[in-house]
Amino acid sequence: MENYLILNTLNFPILSLLLIVPVVGAIVAMFLRGDTLLKFWGLAVTLVTALISLPLWTHFDQTTAKYQFAELRHWFPALDLDYVVGVDGISVLLVLLTTLVMPLCFLCSWTYIKTRWKEFVIVTLLMETAMLGVFVSLNTVLFYIFWEGMLVPMYLIIAIWGGARKDYASIKFFLYTFAGSIFLLVAIIAMYITTGTFFIPELMDQSYSFAFQMWIFLACAIGFAIKMPMFPFHTWLPAAHVEAPVAGSVILASILLKMGGYGFLRFCLPMAPAATVYCMPYLLFLSLVSIIVGSYLALGQSDIKKLIAYSSVGHMGFVTLGIFLLNDAGIKGAMLQMLNHGVTTGALFILIGIIYERTHSREISDNSKLGMFMPIYVTFLGIFSLSSLAFPGTNSFVGEFLVLFGAFSKFPLVGAFAILGAILAAAYMLRLMQKMVWDDSDGHVPHGEHAEERKRLLFDCNFREIAQLAFLTIFVFWIGLHPTPLLDMMDSTVTHLIHQIDVGSVMPEAVHHGESHALLENAGTWIKNLF
Amino acid sequence: MLNTIFIPEISLMLTVLILFFMTLGNFRTGTVQAVSLVLTAITLVITVASIDTHGLMFYGVYQLDALSQLFKVVIVLGLFLVFMLGSGLIGIEEKLHTEYNMFLAISAMGLMFLSSSVELLTILLSLEISSYALYVVIPFRRGQGRIHVESGIKYILFGAVSTGLTLYGMSYVFGLAHTTYLSELQEIMPGLVATQPLAVFAVILVMIAFFYKLAMFPMHFWAPDVYQGAANETSSFVATVPKVAAVLLLLRFVAVAGVDITQVTWVLATLAVLSMTLGNLSALVQTDLKRLLAYSSIAHAGYVMLGILTADEMGMAAAVFYVIGYLLMNLGVFYVIYNVSPKGENVTFDDLKGLSRRSPLLALTLLVSAFSMAGVPPTIGFIGKFMLFTGALHQGFYALVIIAVINAAVAAFYYLKMARAAYCAADSEKEVIVLPFGTKILGTFFILVIILIGVLPQSLLAAAKSAVATLL
């Protein structure tokens, strides 16, 4: 087991601390009283967690694909379960995304959440542990525990502090995701029965029969596709996003959706490579549908939050497209898109939260002509809208460009359809920006008393709001203009992953009619024959 | 030598005797409860200390091994928790409080005897001791109306029929094997079960009384009405402690039938599937919380049967672990039910509204127990389900596990309803619930135990595995 891991050499168990600090913070919060104290306590705990996670960036070894900062402890010998945690190129970036976004959740909820701050702090901190646990677990059961364990806090966040239809949205979210991940549990147990281990790197190294791989792939894929969300399992997302409070939407968009992609990269691709290659055409098709349908539906929305929610479906379509292209550019682009989407869409939800606190409406028509009254706000709105539509110079451009490059180098037709989705993204985002900032369509300019009233309502951003948005803007431009550090961090892992897929999909019994090496070519011909 | 290994039973018998003498007098509820708690605590300590005893008593009908001692601890723990949970006994007629405690203790005593019985007639005897005490206790409910009497009659009639069927099965077993000792049956029956349909029929019939106690299809009809009609404290005992003993006996009988997959396995599998599906689907539409818990326990009986029928070490240990976790989870929910109804009446979802504001501890206990029953990590219920699925898949029961998994997903909805009612439905009219200190301790105990064993299940799992090893 140790030959997959590079054990932790820092003075403190960094990954375990990352998991424990929020839980301890939640327990302490049970005994605190007073909203202000609780707010600062939540912020402090998340900031401490973020600080603790910084060595992951500085001390990360980019040359190896092994799991670093690893810790190995006995947990449950009766079932061969050990407590193993570690990070590699793909998970370290997601861990950093989580720890950096969580303080923003508290900052953006500062005046948004008005009641029951104690429960909010406890639930959000438990949520952070669960999300971090998903990304660092190297043991399938531990992964599953955190994966499912995150459902209860998210359910409570939506159901207690949510909008008008929070009941419907929270139950739909919980049941949909729960049902999907229960099949993941069966797949985990089936792999254990076959190989005798729960340890993820060892499971990746085994070669299973093609039929078994197909079952594993389908069972895992259901759970991850629902989480992603891929068309046609996306219907929970608009409901959950719209009804969740600001912090809930930020957590959902920035981090929860990435878990689906992470699951694909960790489970489906390396453990069932032959099945992945076989199912690649179908999944590429579903990704394209997600991109186009998501973007098209966003074009017709009048509710801002719903628009961003559907745009998330579209962006996640790009991520799955990149993943299932199974080449270097595709997977790196998908990873980068995950980070970009986390930053950009998180920021967009914070912006919507800010304006919702002013006007108490999510409709575009109620939130128009903001440029007249809130110049700082619309600056940020413009920056993040451009980022969302993948304008060159911003972070999403690099990610989408890599994905499209990967697409065009393999299946040009797929790339062409993806570009259609990118055009639609530009359409709805520019439409949103135009309507919210200017909206000259009716030519009506508020004047006199109406203008004064509007001015009082729409006071510009205060320091706290500017701080959050400025922090995220830094990432927009940094990743957009200088993405090399991030791409270098994922390099060895992605290369190793592609190697695992290439090796794993060239199996004697991989294709049931006897050819082995032609599997990839088969997929290509299949797609070509489709059109 | 003989006396020392029988001490836990003697301790419980002394408890019963002392309570019996107290019924002759006229004591306050507080005194009776304190005495019951102290005596049960002493019994618990003694039983835990005797967890390693081995022996064969009473001409070989009474066997103490790792399995029986573990279950005795669980039974006495269950009794202790039920006594502690029902502090004040607000649902029971005032003048019957002492008798109530005595009968519960007699029932637990019968269940203790049942854990160690390894001969058919002794099993029947212990079964009847525990059942008769419960038959009497079901109608002990304060209040107008006759729903509790109806529940009592249903319980007796069903119990009598199921015991009759078990006797019928036992007669066939004796006729085929010419012995009533389980150890001898374990050598003869596997061969018979593989070749003679009558043996399959006999084994299944013998198990009927334990299906009844476990509330498994087809002997589940009593559960919703009895849970709903009996007092909250009584339901909490009926829902948990007899099921533990029922699982033990079912494990013993399945071991008797043999470890290979036979016709018996297929019958049990069918009953498990029907139990799970019926329980889950019926629970979806319930509004009365105790009735919902009854249907949920029918479903849980199906899950446990999944582990029992595998007849190998992993599956049976999973069943033992699951039923212990089930006892704790269910007692957690009944604890909340008891404390939410000040006059001992039945609790519906409307009564739970605003619970998180009225009593955060009760709301948290309900949340943790409900999600544990749904199988959400990191609780004991999740580990139990995980182990059950592992054990069943290990023996190749793929279809069964898929059905169980789908049922678990369906069940999540009604457990979610409980949590939703407690946390999300706002209600500012009801007053705050003030809990006495002992009740708060009990609530914290439930929360801690459900989560801690969920995170660190090693010790309980090791105990379960060593217990089951005696069977195989």
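Helices (H or I, at least four residues) and strands (E, at least two) are DSSP runs, numbered from the N terminus. This is a predicted model, in which local features need pLDDT of at least 70 and side-chain atom pairs count only at pLDDT 80 or more, while totals for chains, interfaces and linings use all residues. Residues are numbered from 1 along each chain as its sequence is written, and chains are lettered from A in the order in which they are written.

**View 1. The fold of chain B.** Chain B has 20 helices and two strands. Its radius of gyration, taken over C-alpha atoms, is 21 Å, close to the 23 Å that the globule rule (2.2 Å times the number of residues to the power 0.38) gives for 472 residues, so chain B is as compact as a globular protein of that length.

**View 2. The surroundings of A:Val250.** Beyond its neighbours within four places in sequence, A:Val250 is in contact (C-beta atoms, placed from the backbone, within 7 Å) with A:Val101, A:Leu104, A:Cys105, A:Cys108, A:Gly346, A:Phe349 and A:Ile350.

**View 3. The side of chain A that touches chain B.** Here 26 residues of chain A are in contact with 24 residues of chain B. On the chain A side, α5 (140-149), α6 (151-161) and α7 (166-195) each supply at least two residues, and the largest share, 14 residues, comes from α7(A). By class, this side of chain A has 23 nonpolar residues (Ala, Val, Leu, Ile, Met, Phe, Trp, Tyr, Cys and Pro), one polar residue and two charged residues (Asp, Glu, Lys and Arg count as charged, and the others, Gly among them, as polar).

Methods:
Contact = placed C-beta atoms within 7 Å.
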